[in-house]
Amino acid sequence: MRTVRTVPSAEHGAERWSPCAPNATTWARCPWSAHRRLRSSLSAADARVAVGWRNFERRRNDGGVSTDSTPLVRQVAHGDRDWVAVTLRREWTSTFVARLGELVEAAGLPGYVATLDGRRVGLALVDVRDREFEVVAISTTEPRRGVGAALMERCFADARAMRCRRVWLVTTNNNVAAIGFYQRVGMDLRALHRHAVRASRELKPTIPERDAAGIPIDHEIEFELLLEA
Ligand SMILES: CC(C)(COP(=O)(O)OP(=O)(O)OC[C@H]1O[C@@H](n2cnc3c(N)ncnc32)[C@H](O)[C@@H]1OP(=O)(O)O)[C@@H](O)C(=O)NCCC(=O)NCCS
């Protein structure tokens, strides 16, 4: 029997509003044609995610509880939209994401759902413009099980299929888990946007001054994976 340990999202941070997220302007600039192109490209690859990631083969020792669950990744479907909105609100207090002085309504963005044994355990929302593939939001309710890596691998694969120049995203200085994670999946530091959270906070006042650990939330850090020279 396969058993999966469920880890409450609160375990890895009570509230996250910080970016991985866009702006209202971004949403306005995001043409439906780009969404259609993305959907069309994604539909061809809607199956099991690359099994190359070593986490997929990993079998964790959860105190005697065994699991051989493998994350599966598929496109966000119409029927996922309520769950997407709930997930965004749980992780970032609203469906809006702010970064680099922009505010974006993320709930309607295309993206991916990760499942374990049929349960939705991860979400990545993306925005593709000018051959740049932005991961606007990514989260999982079951950390350190390869869910995030599976979602990012899917993003990388589809960005390549769409001939994007790079995959990029923004996080904040306090999010040490995300900073470790992005580098582990192969992304590199692109830029440090000092004090950029101040502008994001003006657009999204629910972004607190400090996180649950008391760390000031002030800077935005941009990561990228270049897909061509
Ligand atoms: C960031 C996040 C998506 C990572 O997803 P995940 O499913 O836990 O990541 P994975 O299990 O695929 O981890 C892959 C590797 O990334 C690194 N990593 C993941 N979480 C890490 C952490 N908390 N600290 C350090 N490294 C970490 C590890 O090297 C890990 O491999 P390992 O478990 O074999 O050591 C997840 O922690 C999350 O949902 N965080 C809350 C939401 C959030 O902050 N999103 C980002 C906003 S910008």
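Helices (H or I, at least four residues) and strands (E, at least two) are DSSP runs, numbered from the N terminus.

The structure is a predicted model, in which local features need pLDDT of at least 70 and side-chain atom pairs count only at pLDDT 80 or more, while totals for chains, interfaces and linings use all residues. Residues are numbered from 1 along each chain as its sequence is written.

## Helix H4

The buried residues of H4 are Val84, Thr87, Leu88, Glu91 and Trp92. They lie on the same side of H4 because they cover an arc of only 100° around the axis, the arc being that of the directions from the helix axis to the C-beta atoms. Strand E2 (96-99), strand E5 (119-129) and strand E6 (132-140) are the elements against which these buried residues pack. After H4 comes threonine 93, with a positive phi near 70°.

## The chain as a whole

The chain contains seven helices and nine strands. Of its 229 residues, 42% count as buried. Two residues are in contact if their C-beta atoms, placed from the backbone, lie within 7 Å. Among contacts with a separation of 6 or more, 76% join residues 24 or more positions apart.

Confidence is expressed as pLDDT, the predictor's confidence in each residue, from 0 to 100. The chain has a mean pLDDT of 79, and 70% of its residues reach 70 or more. Over residues 1-18, however, the pLDDT is below 50, and this stretch has 37 contacts in the model beyond near neighbours in sequence. Residues 20-66 also stay under 50 in pLDDT, and for them the model has 87 contacts beyond four places in sequence.

Strand E6 is largely enclosed by the rest of the structure, because eight of its nine residues are buried. Two strands pair if DSSP finds at least two bridges between them. E5 and E6 pair in the antiparallel sense over eight bridges, and aspartate 127 has glutamate 134 in E6 as its bridge partner. The hairpin of E5 and E6 has two residues between the strands, and in this hairpin aspartate 130 takes a positive phi near 50°.

E6 also pairs with E7, in the parallel sense, over three bridges. Here glutamate 134 stands opposite tryptophan 168 in E7. The chain passes from E6 to E7 through helix H5 (residues 147-161), forming a right-handed β-α-β crossover. A crossover is right-handed if, with the strands pointing away from the viewer, the path from the first strand over the helix to the second runs clockwise.

Strand E7 (residues 166-172) has five of its seven residues buried, so it is largely enclosed by the rest of the structure. E7 is joined by seven bridges to strand E9 (residues 220-226), and these two strands run antiparallel. Valine 170 stands opposite glutamate 222 in E9.

## Helix H5 and the helix spans

Twelve of the 15 residues of H5 are buried, so this helix is largely enclosed by the rest of the structure. Its buried residues include Val147, Leu151, Met152, Cys155 and Phe156.

| Helix | Residues in helix | Span | Expected span |
|---|---|---|---|
| H4 | twelve residues | 16 Å | 16 Å |
| H5 | 15 residues | 21 Å | 21 Å |

Arginine 163, which follows H5, has a positive phi near 60°. This residue is placed in the loop between H5 and E7. Arginine 163 counts as exposed because 10 other C-beta atoms lie within 10 Å.

Leucine 100 is a residue other than glycine with a positive phi, near 50°. Leucine 100 lies in the loop between E2 and strand E3 (102-105). With 17 C-beta neighbours inside 10 Å, leucine 100 counts as partly exposed.

Definitions and conventions. Expected span 1.5 Å × (residues − 1). Buried ≥ 20, exposed ≤ 12 C-beta atoms within 10 Å, placed from the backbone.
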